[in-house]
Amino acid sequence: GAPASEPRARLHADLRSSSSSASLSTSAARRFANFVRAWGTVWEDMPSSSSSPPFLPRVFLVSSSASSSSSSLIRDRDAGWTYDRVTSDGRFHVLVAALTSRLEDCPSRSLALSADAAARFRAPTPELLGLLERASEEAVARENSFKPRHLTVLAQALASRGVGGVAEGGAGGLGPTAAFVRGEAMRQMQEFSPSCCVALLEAFRRWGIHDRQLADMALERLSDAFDDLGSRDVVDALIVMSKLGISRGALVQRLCGVFMARLGQFSCRHVVAVLYAVSRLRLLSPRDLDEALTAVVPELGSLQNEQVAQLLYSLAMADADHQRGLARLLAVQYAEGRGRKDL
């Protein structure tokens, strides 16, 4: 890693230089490049270890909150920051280790978002797994300190890497982190937004935990806060209900009604994902299918093979005999198209 005395200009020059011309392979690599770039601006000014903890999570959050928009710190000159280069950079190991050792000094919001940033790397390194394990241990000691959004962000991050879900020893009970999240969620459920309800369901699904009582409470809250649903919430709710096999006809129909009313707001990929989700629940009507296809057909050429297969499945489950011509076209596109063929 770079010593604390290294001049800022040299740090920036090193950040700009890259022997690789490959583009960024993951959003996490972009976020970490932001992270390292921001760190370069404060490295030489970082206080002594006794006062440094607040700096570490704040800088690490750059990797979690930055986007690819024009406001991002990333520019074309950072195109060499591939996943392999990020995770092999000495500063990566130093900074992640430093943050891990100081997580107890992070505010709960920073703890959740730091775990989220660490979980976004496509393949976790030992240091990132260590950070997630430490974040899990620290979180369970913070009763009543997480807001719903940060609680569900933390839960999804840990669940995506299998941290803290099931009790050790194969007993099948809840692990300490899952039990903590469950208790906090049930206590705060009336404060949950629709997106938090969906995120909570997804976290427990990723953990492999079926908790009927918690799912019922989350879905009830989703129904109560229905007027606050955003367009993305509609898509995510239908997808997670499909993956969990929760076939609540009345709620699904309400969600589908909102989806159809806002059809023009969704990308072709999202339309296909919703059709697939609802068809898996055996609740896709031919009328809704035909209406949704008006948004999909003009963009058929942009679909990957996985989405083509999902659309074919949706046609079959809706008994759309009048769409046989489209089904044949999709079969040909699948055979000649893009992406994996072993779905």
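Colleague: What is the secondary structure of the chain, in helices and strands?

Modeller: Please bear in mind that this is a predicted model. The strands in the chain come to 0. The helices come to 17.

Colleague: What percentage of the residues in the chain is buried?

Modeller: The chain has 343 residues. A residue counts as buried when its relative accessible area is under 20%. Buried residues make up 50% of the chain.

Colleague: Among contacts between residues at least 6 apart in sequence, what percentage joins residues at least 24 apart?

Modeller: A contact requires heavy atoms within 4.5 Å. Among contacts between residues at least 6 apart in sequence, the share that joins residues at least 24 apart is 78%.

Colleague: Is Ala-237 buried or exposed?

Modeller: Ala-237 belongs to helix H12, which covers residues 231-244. Its relative accessibility is 1%. The cut-off for a buried residue is under 20%, so Ala-237 counts as buried.

Colleague: Which residues are in contact with Ala-237, leaving aside its neighbours within four places in sequence?

Modeller: Val-274 is 37 residues from Ala-237 in sequence, and their C-alpha atoms are 9.5 Å apart in space. The contacts of Ala-237, with neighbours within four places in sequence left aside, are with Val-198, Leu-222 and Leu-255.

Colleague: At roughly what angle do the axes of H12 and H14 cross?

Modeller: Helix H14 covers residues 268-280, and its axis comes within 8 Å of the axis of H12. The crossing of the two helices is left-handed. The angle between the axes is roughly 35°.

Colleague: How many nonpolar residues are there in the contact of H12 with H14?

Modeller: On the H12 side, the contact is made by Arg-232, Val-235, Leu-238, Ile-239, Ser-242 and Lys-243. H14 contributes His-270, Ala-273, Val-274, Ala-277, Val-278 and Arg-280. By class, 3 of the residues are charged and 2 are polar, while the number of nonpolar residues is 7.

Colleague: How far apart are the closest N and O atoms in the salt bridge of Arg-120 with Asp-116?

Modeller: A search of the whole structure finds 11 salt bridges. In this pair, Arg-120 is partly exposed, with a relative accessible area of 37%, whereas Asp-116 is buried at 13%. The closest N and O atoms of Arg-120 and Asp-116 are 2.9 Å apart.

Colleague: How many residues apart are Asp-216 and Arg-248, the pair that links distant parts of the chain?

Modeller: Asp-216 forms a salt bridge with Arg-248, and the closest N and O atoms are 2.4 Å apart. Asp-216 lies in helix H11 (residues 212-224), while Arg-248 lies in the loop between H12 and helix H13 (249-261), and the separation of the pair is 32 residues.

Colleague: Which residue is joined to Ser-108 by a polar contact of the side chains?

Modeller: Ser-108 is in helix H6, residues 108-119, and is buried with a relative accessible area of 11%. Not counting residues up to four places away in sequence, Ser-108 touches Arg-142, Ser-145 and Phe-146. The polar contact, of 3.1 Å, joins the side chain of Ser-108 to that of Ser-145.

Colleague: What is the phi of Asn-144?

Modeller: Asn-144 lies in the loop between helix H7 (126-139) and helix H8 (148-160). Its phi is positive, in a residue other than glycine, and the value is near 65°.

Colleague: Is Asp-319 buried or exposed?

Modeller: Asp-319 is in the loop between helix H16 (305-317) and helix H17 (324-336). It has a positive phi of about 50° although it is not a glycine. A residue is exposed when its relative accessible area is over 50%. At 59% relative accessibility, Asp-319 therefore counts as exposed.

Technical notes: Residues are numbered from 1 along each chain as its sequence is written. This is a predicted model: local features need pLDDT of at least 70, side-chain atom pairs count only at pLDDT 80 or more; totals for chains, interfaces and linings use all residues. Side-chain values use heavy atoms; hydrogens and water are left out. Helices (H or I, at least four residues) and strands (E, at least two) are DSSP runs, numbered from the N terminus. Buried means under 20% relative accessible area, exposed over 50%, partly exposed in between (1.4 Å probe, protein chains only). A salt bridge is a side-chain nitrogen of Lys or Arg within 4 Å of a carboxyl oxygen of Asp or Glu. A polar contact is a pair of N or O atoms within 3.5 Å; within protein, one must be able to donate a hydrogen and the other to accept it, and residues adjacent in sequence count only if both atoms are side-chain atoms. Axes are lines fitted to C-alpha atoms, for helices over the stretch in contact, and angles run from 0 to 180 degrees between N-to-C directions. A crossing is left-handed if the near helix is turned anticlockwise from the far one by less than a right angle, and right-handed if clockwise. Ala, Val, Leu, Ile, Met, Phe, Trp, Tyr, Cys and Pro count as nonpolar, Asp, Glu, Lys and Arg as charged, and the others, Gly among them, as polar.
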